[in-house]
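Here is a short report on a protein model.

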There are 2 protein chains.
Amino acid sequence: MVKRNLLFTLSYDGRAYHGYQVQKNALTVAEVFQDAVERVFGARLDVTGCSRTDSGVHAKGFCVLLSTEKAIPCEKAVKALNHYLPRDIAVTACQEVAEGFHPRYSSLGKQYRYCIWNAPYRSPFWEGFAYHYPYPLDVPLLDVQCRDFVGEHDFSAFCSAGSNVEDKIRCIYACSVRREGQLVVFEVTGSGFLYNMVRIMAGTLLDISQGSIPAGSVPEILASRNRKKAGATAPACGLYLQQVYYDLPGWPKLPGTGG
Amino acid sequence: MVKRNLLFTLSYDGRAYHGYQVQKNALTVAEVFQDAVERVFGARLDVTGCSRTDSGVHAKGFCVLLSTEKAIPCEKAVKALNHYLPRDIAVTACQEVAEGFHPRYSSLGKQYRYCIWNAPYRSPFWEGFAYHYPYPLDVPLLDVQCRDFVGEHDFSAFCSAGSNVEDKIRCIYACSVRREGQLVVFEVTGSGFLYNMVRIMAGTLLDISQGSIPAGSVPEILASRNRKKAGATAPACGLYLQQVYYDLPGWPKLPGTGG
């Protein structure tokens with residue numbers, strides 16, 4: 001039988017899940033997805049994710065790979081999986097990829113968004129989907145500040161304790177902060193991300209806005225490689241894994257690389 | 001004691017509620033709001049709404065009025081109400097208005113939005129917040145078609161049975177359909193709206209896109225005054241009461257009126 005490698009794109013509301021990766025005694029996206037896979041493909045197949053996400057973090061373009069000998073066409077597999085998945089997880093695309101493709105190691109980079117509901121009062125529509133920050137935000141200032149993340153840096157200061165990754169050098173290709181009405185969106189694209197890295201970057205920008213970290217400090221914080229110099233870890237609810245970039249036909253190009 | 005008339009603006013996720021208006025044996029926004037008012041103002045005060053909304057319909061700018069002799073400042077009242085309200089209802093503004101102001105009869109007009117998630121597969125983020133329409137939508141065509149609603153017309157064909165309103169003449173000031181990525185937004189501003197009027201307008205536009213109603217039919221359907229000539233009533237989940245217009249300081253101007 002010929003093995004087919006299917007790359008699925010998932011969108012999920014992370015509120016009900018303890019992240020993506022399977023855990024004992026906690027409901028995760030991977031486990032729920034594997035249940036649906038078992039219904040559709042008739043077996044509990046191994047599913048490899050592109051990354052881990054933390055409890056409460058959302059995804060719009062999370063990628064998972066599975067290998068199957070079943071001749072179910074991509075479109076049919078997507079429809080069937082969506083039928084069995086709960087309403088807070090959806091498959092939005094499926095693509096057959098070559099043997100040896102790995103959703104994590106074949107990735108050229110990832111894009112994350114951190115969403116802030118910036119209004120005096122909370123919004124029922126952004127509860128659990130954005131961090132409510134009720135104080136004024138100087139978005140043009142933060143947009144300038146965040147450009148200091150662009151380039152290759154040691155991000156040790158932007159990595160939570162508990163990470164056992166040795167090499168903390170990552171490359172940020174693009175970074176911006178923009179306002180869309182009462183929503184403020186911090187968007188960052190990079191080669192890879194350390195544990196809690198985007199949430200600490202977002203928290204640092206909020207601390208700069210609030211004044212507890214002086215504007216212009218990002219290069220110094222990076223150079224310190226000291227987690228204590230950076231800002232607080234912003235809450236999980238605002239974070240979205242937006243896009244994983246691969247060298248695959250029809251796939252979006254990695255921004256900021258001229259590619 | 002001096003009576004103060006306080007006009008509050010509410011934002012609510014309508015999924016859990018049987019509409020705004022108090023009903024026997026069904027949970028409504030008005031009832032939940034009155035519970036919060038009782039906690040803050042120490043009495044079960046009469047609360048007058050700007051409109052009714054149906055079960056599952058959302059609001060971003062629903063207005064309610066209450067009269068009180070309590071000297072609680074507006075900002076403090078908003079904070080206290082938000083403290084007691086559940087996470088799916090929020091007060092976003094408060095303004096003192098003159099004696100005789102009525103949230104419904106003093107209104108110059110209202111704006112509604114109907115949101116359509118127009119992608120092959122459902123989105124976990126728009127479940128219950130937009131109607132999922134998986135087929136292609138010709139947005140520029142619908143934008144042109146909907147302009148035929150603008151002006152003063154008898155909207156009998158766009159009113160569900162069960163309405164006991166006699167005068168079915170309403171004036172539409174502005175009407176548009178636009179795409180924001182995979183979301184399609186139908187926005188309509190008018191003097192007032194009949195029962196299910198916006199949902200039938202949206203359903204008619206979808207039927208025009210799908211081909212079961214020919215393009216260019218809106219004037220004919222209006223003239224027929226026959227509900228059967230118009231399209232289906234689009235589902236409640238896509239509808240938002242966006243804005244109520246009043247002649248009050250600091251209030252947005254009614255679009256399409258040159259005002």
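A residue counts as buried if 20 or more other C-beta atoms lie within 10 Å of its own, as exposed if 12 or fewer do, and as partly exposed in between. R225(B) has 15 C-beta neighbours inside 10 Å, so R225(B) is partly exposed. The model is predicted.

**Loop and tail residues of chain B**

R225(B) sits in the loop between α5 (218–224) and β10 of chain B. Its phi is near 55°, a positive value in a residue other than glycine. N25(B) also has a positive phi, near 65°, and is not glycine. N25(B) belongs to the loop between β1 and α1 of chain B. Is N25(B) buried or exposed? It counts as exposed, because 5 C-beta neighbours lie inside 10 Å.

P249(B) is found in the segment after β10 (239–245) of chain B. P249(B) has 6 C-beta neighbours inside 10 Å and therefore counts as exposed. V64(B) is 185 residues from P249(B) along the chain, and their C-alpha atoms are 17 Å apart.

**Chain A overall**

Chain A holds five helices and ten strands. Its radius of gyration is 19 Å, close to the 18 Å from the globule rule for 259 residues, so chain A is as compact as a globular protein of that length. Along the principal axes, the C-alpha atoms of chain A fill a box of roughly 60 × 40 × 35 Å. Of the 259 residues, 39% count as buried. Consider contacts in chain A between residues at least 6 apart in sequence: 73% of them join residues at least 24 apart.

**Helix α3 in chain A**

Which residues of α3 (139–146) in chain A are buried? They are L142(A), Q145(A) and C146(A). These residues cover an arc of only 90° around the axis, so they lie on the same side of α3(A). An α-helix has 3.6 residues a turn, so residues three or four places apart point the same way. The cover over the buried residues of α3(A) includes strands β8 (169–180) and β9 (183–190), along with helices α4 (197–210) and α5 (218–224), of chain A.

**Helix pairs in chain B**

Two packed helices are described by the angle between their axes and the distance between the axes. Two pairs are listed here.

| Pair | Angle | Axis distance |
|---|---|---|
| α3(B) and α4(B) | about 130° | 10 Å |
| α1(B) and α2(B) | about 125° | 9 Å |

The angle makes α1(B) oblique to α2(B). Their crossing is right-handed. On the α1(B) side, A36(B), R39(B) and V40(B) make the contact; on the α2(B) side, A77(B), A80(B), L81(B) and Y84(B) do.

α3(B) and α4(B) are oblique to each other. α3(B) passes α4(B) in a right-handed crossing. From α3(B), L142(B), Q145(B) and C146(B) meet L205(B), I208(B) and S209(B) of α4(B).

**Where the chains touch**

How many residues of chain B are in contact with chain A? There are 17, and they touch 17 residues of chain A. On the chain B side, β1 (4–12), α2 (74–84) and β4 (89–97) are the elements that give two or more residues. β4(B) gives the most, with four residues.

Definitions and conventions: Residues are numbered from 1 along each chain as its sequence is written. Chains are lettered from A and ligands numbered from 1 in the order in which they are written. This is a predicted model: local features need pLDDT of at least 70, side-chain atom pairs count only at pLDDT 80 or more; totals for chains, interfaces and linings use all residues. The arc is that of the directions from the helix axis to the C-beta atoms. Two residues are in contact if their C-beta atoms, placed from the backbone, lie within 7 Å. The radius of gyration is taken over C-alpha atoms; the globule rule is 2.2 Å times the number of residues to the power 0.38. Axes are lines fitted to C-alpha atoms, for helices over the stretch in contact, and angles run from 0 to 180 degrees between N-to-C directions. Angles under 35 degrees count as roughly parallel, over 145 as roughly antiparallel, 65 to 115 as roughly perpendicular and the rest as oblique. A crossing is left-handed if the near helix is turned anticlockwise from the far one by less than a right angle, and right-handed if clockwise.
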